[in-house]
Amino acid sequence: MHDDHWSSLQTHWDRLKPAHLRDLFKDEGRFGHFSRQLDDLTIDFSKERIDAGAFEALLGLAKAAGVEARRDAMFAGERINSTEDREVLHVALRAERSDGFMVDGAPTAELVEPVLDAFLAFADQVRSGDIAAKAGRFTDVINIGIGGSDLGPVMVARALSPYRGQGPNVHFVSNVDGAHLSDVTAGLDPATTLVLVASKTFTTQETMTNAAAAKAWLGAAAAQNMAALSTNLEATEAFGIPQVRVFGFWDWVGGRYSVWSAIGLSVALSVGSDHFRAFLSGARSMDQHFKTAPLADNLPVLLALIGIWRRNMMGCATVAMMPYDQRLERLPAYVQQLDMESNGKRVALDGSALERSSGPVIWGEPGTNAQHSFFQLIHQGTDIIPVDFIVSATSGSDYVDQHELLLANCLAQSEALAFGKTADEVRAEGVTEALVPHKVFPGNRPSTTIVQRRLDPFALGRLIALYEHKVFVQGTIWGVNSYDQWGVELGKALAQALVPIVRGQTSPDGKDASTQGLLGRIAELNGS
Ligand code: F6P
């Protein structure tokens, strides 16, 4: 597919491969050529190993791959999630009525607005104490969910913690490991704790197991102290959650794209409806930009193309995400699901095997902590690990001076990665010859830096939408369906089948030797 464009890219990479960023930066206008802005948000990709020719070729690939047409199809509510025959309309969750999103011939606003109003009103009433437990005001909220029903809410609630005001403490339980629920509930009072069961399907083993355990923990308070966020209204009813405490959404919202829906209730409880609406507006501003900006200035498209260059030309198998922001500590985990569950695919839309590598491994930790753990490998290891740096210009804490240190560290890392330190520079410092190779930094290691004014609800919504659309563009170029996740199913089915074997209720006969061996050891260790 688009072979001419791929081979043109390859020609550019063959040409650029020997070039060092030190040479590319001889062009003093490089920052201007390879950075773009949307309001206060800047993306600087000048420290990537591209030049004007490569950039043009990347844009040509995006055009040829039909990024604009598929984007328009998504916004028009076409069923671009073809393997599940579904629309992909999470953008409609943060839209204004005038944006005109439609599903099944009706405006999405008719579905979205009443639910949004209802769950935000619920959140504000819980915050004000107008909705309370029998025992009094809700002091704590536990969101029980996993994957997209956990990672978005937990990441956003943590990022926006300064906006909490008088809101309840919000906790998250995801793992089927009972230690998670038991550690979170320790010290909480069931009488004043609100439990949210967040599950698109309301069938996920981990969530339903934890939900049942939490219901038992709530005891007599369960009737009053539970709410559900789901598309499966029959199952929420069967579980016993009163209809007024159920906030729905729709199958055209993918789990990893659902933080904008009722799945975001824990966030709204934490920060209140005004901040939640600002979060939605931020995402909408990126949607509008993505929809209208020319490819060469379109931030999600540019981020995606840089990723294609790194993955398919440079052969980089992983990307490190480094928020220089402690409150974004869960962003790498969130983007991990967003990116890897969406583009971790091996076949194209038509089922044929992909000819090129698709989604990379995403991983990361906040800076500056990461500098003192794995940055050694990024600077001097044998593999090239591209880095996304994310930082706000202004401090999110009262320790404003410390923010200057944070900024300096963030900029220093990308500078060191790009330009390194040569053997001559090391020698000039008087280093003994034997140590010179150890102290050389090869540099020429790519990074992109994203800078915004501050981490507030609007900026966070915009940032997440930026990554969502980046994933979309890359999925389009690789030709995969970014909206299914069949790869998680086999493990789920096997786990279900293993439960009675682990419990000793059925025999392990027929299982492979390793599984049988391990089951035997576990049984021995359990003393059975
Ligand atoms: O197993 C993967 C997955 O389906 C994710 O896509 C989803 O976010 C998560 O499980 C949780 O699903 P649910 O919200 O239906 O419980």
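I take helices and strands as DSSP runs, numbered from the N terminus. The model I am reading is predicted.

I looked up D39 and placed it in the loop between β1 (35-38) and β2 (41-44). D39 is not a glycine, yet its phi is positive, at about 50°.

I then went to the peptide bond from G367 to T368 and noted that it is cis, with omega near 10°. T368 belongs to the loop between β11 and α15 (375-380).

**Entry: the ligand**

Where does the ligand sit? I found it in the largest pocket.

I listed what surrounds the ligand and got 14 residues. The closest are S149, S199, K200, T201 and T204. I sorted this shell by class and wrote down two nonpolar, nine polar and three charged residues.

From G148, a backbone N or O atom lies 2.7 Å from a ligand oxygen atom. For Q337, a polar side-chain atom is 3.2 Å from an oxygen atom of the ligand. For E341, I read 2.8 Å between a polar side-chain atom and an oxygen atom of the ligand. On its own the ligand has 390 Å² of accessible area, and the protein covers 88% of it.

**Entry: salt bridges**

Side chains of opposite charge can pair when their charged atoms come close. I counted pairs with a side-chain nitrogen of Lys or Arg within 4 Å of a carboxyl oxygen of Asp or Glu. The count comes to 31 salt bridges.

I followed up one of them, between R356 and D3, where the closest N and O atoms are 3.7 Å apart.

Terms used. Residues numbered from 1 in each chain as written. Predicted model: local features only at pLDDT ≥ 70, side-chain atom pairs only at ≥ 80, totals over all residues. Heavy atoms only, no water. Near = heavy atom within 4 Å. Polar contact = N/O pair within 3.5 Å; in protein donor to acceptor, adjacent residues only side chain to side chain. Areas by Shrake-Rupley, 256 points an atom, 1.4 Å probe, with all protein chains shown as cover. 1 Å grid on protein atoms, 1.4 Å probe; cavity = no way out; pocket = protein on both sides within 12 Å on 5 of 7 lines; lining within 4 Å. Sits in = over half its atoms within 2 Å of the grid points. Nonpolar A, V, L, I, M, F, W, Y, C, P; charged D, E, K, R; others polar. Helix = DSSP H or I, 4+ residues; strand = E, 2+ residues; numbered from the N terminus.
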